[in-house]
Amino acid sequence: MRLRFVSPFAVLAWTFFPLVFAALGLFVLNRPGVTSTQLAYGVLGGGLIGYWGVTYLDAGNGIQDERWNGTLEQIFAVPTPLWAIILGKVCGGLLWGMLSFLPTLALAFFGFHAFLPHIDALPFAVSFAALTISFFAVAFMLTPLFALWRWAFSMLNGFELGAYVLCGFMFPVTLLPQWAQAVAGLLPPTWATRAVYASTTTEGPHDYVVWWAATIGLSVVYLVGASFLYELVQRKARVSGELALA
Amino acid sequence: MRRVALEAQVFARSTWLQYVALFQWATVTGYIAYKVLLPIGQILFFVEFGVFATGRQNALYFALGNALQLTANAGIYGVIATVANERQYGTLPILLGSPANRLITFLSRSIVNVIDGLVTVIVALALVVVLFGLDLQRANLPLLAICVLVISLTTAGMGLLFGSVGLVMRDSIVVANVVYYLFLILCGINFPVSRLPGALQLISYGLPLTRGVEAARQAAAGASLIHVSGLLAGELIVGAVYASCGYVLFRLFETYSRRGGLQEAY
Amino acid sequence: MSSQAAAAIQVTALGKKFVTKRGTFRRTRVENVALAGVDLAIQPGELFGLLGPNGAGKTTATKILTTLLLPDTGSARVLGLDVVKETDAVRRRIGFVFGGERGLYWRLSGLDNLRYFADLYRIPPDVSRRRIANLLERLDLSERQHDKVELYSRGMKQRLHLARGLLNDPEVLFLDEPTIGLDPVGARELRVMVRELADAGKTIFLTTHYMFEADAICDRIAVIKKGAIVAEGTPSSIKRVVEHEGVVEFEVMGMTPERLAGLRDLPGVSSVVVADHELAQLVTLHCAHPADVMTQLGVILVGADLKKVSSREPTLEDAYVHLIGEST
């Protein structure tokens, strides 16, 4: 965690990028007639993007650093299993990512005099917890992919904004075409994000139980998938020796 | 005449070799990730957000703005990465110890990225036409093409400045990220510059893209060259200023390195 | 014609220091003197070796002569041209090769690397085509010329570096530790090529910290220590520095600072070098009267486990060690 203070990329990930998206959202929404739902997305969207970005980037960058230093194979020789190493990285990323809300909420309040129009505390808290679990599950599953395939990290970076679209961080996924909504529905954060925003407005549906169940259910599926991937990575490293070439 | 042809041949070959040697996205997966997925993702994200925030009638405003901003993908990231790769390979001392023309060496770092920027924007505009129904029947297409070329040049000009900074700054790609995303806020990509506070508007007009994007929007609406010539001239001047500052920095850093500094870069 | 005017490389009172800053909050300025008034004169066609340990100033001297660094004091001329004021002219007539793997474009083939650098040196395409083919053949790279450099072995990369350094057919070639990191066979092959270049009339300025390398191929050597030349001449003349001395060597377990000081204080001892050798230390003493020193060892090293005591005539490496005066 100490490294986060000195790494420029880490500082960018939890301060600058969330602020950019928050500022963009709030400038665009800075007009008469904006609804409370739209305002909620403007206030929270940047923070959510930062929260997600830091979580998956931390673990991914960790693997990439090992690869660039030529130590990817060596970390499999340590007594600590890979999943435990990654667990620590993802948890650290989650804690760090939560800090993204600080600058973005401050910008909204002090820069644009914007704040959440409404908040149901308990549903918000549970939804946020579900969101955290979903981020954990996805990041935990993605990380062994980065170890397996050199191109995986590039591809995910390229897909970054696409993920923001599908997860509904800054606008409801219900705006997307049906086929895109179906794809979005396969991502655990999509449901949790919907629940978080629902708890900040009195408008629209509030199917919390369905959304929480979908989030947790999908997260479990992702974690099961992750266990297979970690096994595959172990095999590649120790049996076929291919990790050194990855 | 023969000498000119020879110089042109050498220049063309050097540019091609440089592209293969240093171009940041020279692998298939890298190109797909950063030159296809990322631009598509950016356009989709901002168009959908723009529709949500301001209504479907403004979809084209966001689509066109973000398609044009993608020149910065090549002009900023690409140029900075090219210089950073040069530094990583350790070939700077050899370049500087050679009798090669400094200005040509400097400018050639951006040429491939200008071409790449043009391609990216053309593809993005085609995407916008297909996905969001951008109606180009009224557009002044030759003028739009000129606007796109001008923007590619000016963003590359700024990239050259940051590329020079990258000679002394290890994490120059951080600068590239900051600048790229600041363009989204400051250059009239997603909302008019007039919405920014006064001081930020001043900064906005000191950046590439601001005037060029405005000119391109007018070209897409059918304006003629006369109407936008002032904007394009201003855009070119801004780009030239950045490129010139980048060249001056490049020579200054070279002299500084010969005095004993910057050993890790040179 | 004076010898100064005929010199291919003329260095007069060359000085250079680097300034670094230490500390995070209270920054202190630290000066590191890399060159402290160096004088050298290298004749055309000579293969000159600059020998010294790491940090002695070899690379700094090379970078100044190849126009990559500016000196703080003194002057340097290559082929009669001032390296500070006539930079472009110098660059057109010299070639330089720094050791190590950096300095090549790994994504390009060997051939394309040479083509690119030939373009930078503004060599006409028809000339560069012939010259590149010739160099690739001569440096045994023809078969792999179309392969990307990232697939080359260390030795091949170094030969490609040498080819690049010879692209403009330089009159003076600077080689900064060219064999570093090479296996013995590769290093020997490179040394043979360098000697052939000198025999063909090129002036070569070579830096190395391997005494045997300098001894094997150089016409003349200078030894540099902490930025100053401590000896200069042919390998034979440098060896005469220690010809009046003998060498006593022994293995010991239990060398302490006090015992080391006792050895240094023995009459006639000029240097003591201690190196770790498995579990023991290998001690090499340069002294005027080896027989006398050997009788004193038992006294100085009482209590230590002393083995394999021997004496021999000094070698060129001993001369180098004597001049550098290193000890651990």
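This is a predicted model: local features need pLDDT of at least 70, side-chain atom pairs count only at pLDDT 80 or more; totals for chains, interfaces and linings use all residues.
Let me start with chain C. The C-alpha centres of its domain 1 and domain 2 lie 37 Å apart. Domain 1 of chain C covers residues 3–233, and domain 2 of chain C covers 243–324.

Now, how many residues does each domain of chain C put into the contact between them? Eight come from domain 1 of chain C and five from domain 2 of chain C. On the domain 1 side, three elements of chain C each supply at least two residues: helix α8 (211–217), strand β9 (220–225) and strand β10 (228–233). By class, that side of domain 1 of chain C has six nonpolar residues and two charged ones, with no polar residues.

Next, the contact between chain B and chain A. Here 28 residues come from chain B and 28 from chain A. Which elements of chain B give two or more residues to the side that touches chain A? They are α2 (28–54) and α8 (172–186) of chain B. Of the elements of chain B, α2 gives the most to this side, with 18 residues. Sorted by class, the chain B side facing chain A has 17 nonpolar, eight polar and three charged residues.

Last, confidence in chain B. The average pLDDT of chain B is 86, and 97% of the residues score at least 70. Where is confidence lowest in chain B, and where is it highest? The lowest is helix α1 of chain B, residues 2–22, at a mean of 76. The highest is helix α10 of chain B, residues 210–220, at 95.

Note on methods. Residues are numbered from 1 along each chain as its sequence is written. Chains are lettered from A and ligands numbered from 1 in the order in which they are written. pLDDT is the predictor's confidence in each residue, from 0 to 100. Helices (H or I, at least four residues) and strands (E, at least two) are DSSP runs, numbered from the N terminus. Domain bounds come from an automatic or database domain assignment. Two residues are in contact if their C-beta atoms, placed from the backbone, lie within 7 Å. Ala, Val, Leu, Ile, Met, Phe, Trp, Tyr, Cys and Pro count as nonpolar, Asp, Glu, Lys and Arg as charged, and the others, Gly among them, as polar.
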